[in-house]
Amino acid sequence: MVCVYGVATVAVLYVLFDVNYFLRIAFTIAWGRLFQKRKKIFDETVIYGICTTQDVDIFLKHMNNARYLRELDFARFHYYDRTGIYGAISKKGGGAVQGASSTRYRRPIPIFTPYKVVTKMIYWDDKNFYLEHQFISITDGFVRAVVLSKQSVTNLKVPVPEIIASVEPQAQRPELSKELRHWLESMEESSQRLKKSS
């Protein structure tokens with residue numbers, strides 16, 4: 001009888017929630033804590049995946065666009081935990097959310113292809129920090145997609161540079177790359193246009 005209730009509970013959880021998502025986050029963080037060293041904020045962090053039948057698009061040939069963004073959640077949580085950035089934000093009573101992302105798909109990730117997601121910090125300002133993620137197929141080392149990710153810090157009364165300094169006092173903000181500058185300008189243009197229209 002207990003077994004029946006257990007199966008029913010699991011079935012209900014799978015219907016109501018994306019259980020695999022939560023399990024993957026827990027596994028990714030636990031694996032990092034058990035088997036990987038802490039990282040400095042400019043170190044690259046790496047997670048691994050494989051394109052399965054649950055990841056493919058309607059033609060069943062390669063990873064669908066939504067799965068790239070889903071993978072970024074795991075990559076970000078892993079980066080946050082390994083560098084200690086999220087812990088420092090939490091201590092100040094804040095949180096972090098995905099503010100924006102820009103994805104450039106260079107070549108599809110075919111079904112059953114193993115890949116890795118390499119994450120690194122590329123910039124920060126007073127309210128946000130910016131990450132770059134690369135999806136690299138392990139079989140050939142090709143960068144399949146590149147994603148710029150804006151992480152917005154919420155409910156925080158201190159600026160992001162102060163958080164960075166608390167994690168790594170010697171860290172110096174990198175130069176703003178041309179690619180990132182154009183993206184930031186594009187978002188500002190969009191923001192101004194929407195303000196005018198409303």
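Is the crossing of H2 and H3 left-handed or right-handed? I looked: the crossing is right-handed. For the term, a crossing is left-handed if the near helix is turned anticlockwise from the far one by less than a right angle, and right-handed if clockwise.

**Ground rules**

I am working from a predicted model, where local features need pLDDT of at least 70, side-chain atom pairs count only at pLDDT 80 or more, and totals for chains, interfaces and linings use all residues. Residues are numbered from 1 along each chain as its sequence is written, and side-chain values use heavy atoms, with hydrogens and water left out.

**Entry: overall layout**

I counted six helices and five strands in the chain. Helices (H or I, at least four residues) and strands (E, at least two) are DSSP runs, numbered from the N terminus. Along the sequence I read α-α-β-α-α-β-β-β-β-α-α. The C-alpha trace spans about 55 × 45 × 40 Å along its principal axes. Of the 198 residues, 39% count as buried. Buried means under 20% relative accessible area, exposed over 50%, partly exposed in between (1.4 Å probe, protein chains only). I also checked contacts (heavy atoms within 4.5 Å). Of those with a separation of 6 or more, 72% join residues 24 or more positions apart.

**Entry: H2 against H3**

I went back to the helix pair. H2 covers residues 19–35, and H2 packs on H3 at an angle of about 30°, with the axes 9 Å apart. That angle makes H2 roughly parallel to H3. Axes are lines fitted to C-alpha atoms, for helices over the stretch in contact, and angles run from 0 to 180 degrees between N-to-C directions. Angles under 35 degrees count as roughly parallel, over 145 as roughly antiparallel, 65 to 115 as roughly perpendicular and the rest as oblique.

Next I listed the residues that meet. From H2 they include Tyr21, Ile25, Ile29 and Arg33; from H3 they include Arg70, Phe74, Phe77 and Asp81. The residues of this contact divide into five nonpolar, four polar and seven charged. Ala, Val, Leu, Ile, Met, Phe, Trp, Tyr, Cys and Pro count as nonpolar, Asp, Glu, Lys and Arg as charged, and the others, Gly among them, as polar.

**Entry: the cores**

Which residues have the most contacts inside the largest nonpolar core? I found Ile85, Met121, Trp124, Phe129 and Ile164, in a core of 18 residues. H3 (65–83), H4 (85–91), S3 (114–124), S4 (128–137) and H5 (160–167) each supply at least two of its residues. Another core, of 16 residues, lies apart from it, with Ile47, Tyr68, Phe74 and Ala75 among its members. A nonpolar core is a set of buried Ala, Val, Leu, Ile, Met, Phe, Trp, Tyr and Cys residues joined through side-chain atoms within 4.5 Å.

I then followed Trp124. Leaving aside neighbours within four places in sequence, Trp124 is in contact with residues including Ile41, Phe42, Phe129, Val160, Ile164 and Arg173.

**Entry: Thr45 and Val117**

Thr45 is in S1 (residues 45–50). I note Thr45 as buried, at 1% relative accessibility. Beyond four places in sequence, its contacts include His78, Tyr79, Val117 and Thr119.

Val117 lies in S3. Val117 is buried too, with a relative accessible area of 0%.

**Entry: Ser102**

Ser102 lies in S2 (residues 95–105). Ser102 is partly exposed, at 28% relative accessible area. Its C-alpha atom is 5.5 Å from that of Val147, 45 residues apart along the chain. Excluding neighbours within four places, I list Val146, Val147, Leu148 and Trp183 as contacts of Ser102.

**Entry: positive phi in loops**

Phe112 is not a glycine, yet its phi is positive, about 70°. Phe112 is in the loop between S2 and S3, and is exposed at 55% relative accessibility.

Asn155 also has a positive phi, near 55°. I place Asn155 in the loop between S5 (143–154) and H5. Asn155 is exposed, with a relative accessible area of 67%.
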